[in-house]
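Hi,

Here is the structure I promised to pass on. Have a look at it first, and then read on for what turned up.

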Amino acid sequence: MASLDWSQCSAVESIPGKVGGAWLFKGTRTPAAIIFENLEDGMTIDEVIEQFPVTREQIRTVLEFAARSL
């Protein structure tokens, strides 16, 4: 995932000094990597939405971006 150019994904942003400059869902402190980690651990998208301040649309955008980029 580190090889992806996240600057091209409309759902995320990186702000120097905010969460160590990680790629975060826009307007949150939630790293994009959280989605992949939790889905790999067996969580559903609905469970991720319940646990983190992200929307279904943001998740869809990140997953589609990653799929197109790989």
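Which residues form one aromatic cluster? The answer is Trp6, Phe36 and Phe65. Before going further, please keep in mind that this is a predicted model.

Let me stay with the aromatics for a moment. The count of aromatic pairs comes to two. Trp6 and Phe65 make up a tilted pair, with 5.2 Å from centre to centre and 45 degrees between the planes. Trp6 sits in the segment before strand E1 (12-13) while Phe65 belongs to helix H3, so this pair ties together parts that are 59 residues apart in sequence. Are these two buried or exposed? Trp6 is buried, and Phe65 is buried as well.

The axes of helix H1 (residues 33-40) and H3 come within 10 Å, crossing at roughly 85 degrees. That puts H1 roughly perpendicular to H3, because crossing angles of 65 to 115 degrees count as such.

Now for the charged side chains. How many salt bridges are there? The count comes to three.

One of them joins Arg56 and Asp46, at 2.2 Å from N to O. Arg56 lies in helix H3 (residues 56-69) and Asp46 in helix H2 (residues 45-51), so here the pair ties together parts that are ten residues apart in sequence. Both ends are partly exposed: Arg56 has a relative accessibility of 47%, and Asp46 has a relative accessible area of 41%.

Then there is the set within H3. Arg60 and Glu57 meet in a salt bridge, again with 2.2 Å between N and O. These two both lie in helix H3, three residues apart, which is about one turn of the helix. Glu64 also meets Arg60 in a salt bridge, at 2.5 Å from N to O. Glu64 and Arg60 are four residues apart in H3, so about one helical turn separates them. Taken together, Glu57, Arg60 and Glu64 are linked in a network of salt bridges.

How accessible are the members of that network? Arg60 is partly exposed, with a relative accessible area of 36%. Glu57 is partly exposed too, at 45%, and Glu64 is partly exposed at 37%.

One last item concerns the backbone. Val19 has a positive phi of about 50 degrees, although Val19 is not a glycine. You will find Val19 in the loop between E1 and strand E2 (24-25). Val19 counts as partly exposed, with 30% relative accessibility.

That is what I have for now. Over to you!

Best wishes

Key: Residues numbered from 1 in each chain as written. Predicted model: local features only at pLDDT ≥ 70, side-chain atom pairs only at ≥ 80, totals over all residues. Heavy atoms only, no water. Salt bridge = Lys/Arg side-chain N within 4 Å of Asp/Glu carboxyl O. Buried < 20%, exposed > 50% of the residue type's maximum accessible area, 1.4 Å probe, protein only. Axes fitted to C-alpha atoms, helices over the stretch in contact; angles between N-to-C directions. Parallel < 35°, antiparallel > 145°, perpendicular 65-115°, else oblique. Phe/Tyr/Trp six-rings, centres within 6.5 Å; stacked < 30°, edge-to-face > 60°.
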